[in-house]
Amino acid sequence: MGAVARDPASHHYVVGACGVTGLAVGVDVGGTFTDLVAVSADGEVTAHKLPSTPADQSDGVGAALLLLGGAPVSRFVHGTTVATNM
């Protein structure tokens with residue numbers, strides 16, 4: 001990966017030769033809530049908090065992603081505190 005820069009004409013982030021045009025999404029799965037934060041290429045921030053789904057954590061993550069309405073995602077970061085809270 002190269003240096004990160006923002007193209008002033010398109011407002012897209014550029015990493016090396018790759019432009020970031022989709023959402024950057026972070027999801028944290030906790031014992032009670034699943035939190036999602038999405039940042040668009042122009043800096044708009046969207047956040048969602050849903051109940052976690054302990055039987056299958058992927059259900060909660062999937063439900064949070066559905067709230068983005070099918071927007072393209074160019075970066076996805078996932079974290080959890082479930083093991084820490086046991």
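**Fold, core and surface of a predicted protein chain**

Among contacts (heavy atoms within 4.5 Å) in the protein chain between residues at least 6 apart in sequence, 41% join residues at least 24 apart. The structure is a predicted model, in which local features need pLDDT of at least 70 and side-chain atom pairs count only at pLDDT 80 or more, while totals for chains, interfaces and linings use all residues. Residues are numbered from 1 along each chain as its sequence is written, and side-chain values use heavy atoms, with hydrogens and water left out.

The protein chain holds one helix and seven strands. Helices (H or I, at least four residues) and strands (E, at least two) are DSSP runs, numbered from the N terminus. Read from the N terminus on, the order of the elements is β-β-β-β-β-β-α-β.

Of the 86 residues in the protein chain, 23% are buried. Here, buried stands for under 20% relative accessible area, exposed for over 50%, and partly exposed for values in between (1.4 Å probe, protein chains only). A nonpolar core is a set of buried Ala, Val, Leu, Ile, Met, Phe, Trp, Tyr and Cys residues joined through side-chain atoms within 4.5 Å. The largest such core has eleven residues, among them Leu23, Val29, Leu36, Val61 and Val82. Two or more residues each come from β4 (23–29), β5 (33–39) and α1 (57–66), and β4 gives the largest share, four residues. In soluble globular proteins, nonpolar side chains tend to be buried together.

A search of the whole structure finds one salt bridge, defined as a side-chain nitrogen of Lys or Arg within 4 Å of a carboxyl oxygen of Asp or Glu. This bridge joins the side chains of Lys49 and Asp35 (2.8 Å, N to O). Lys49 sits in strand β6 (residues 45–51) and Asp35 in strand β5, 14 residues apart. Lys49 is exposed, at 55% relative accessible area, whereas Asp35 is partly exposed, at 25%.
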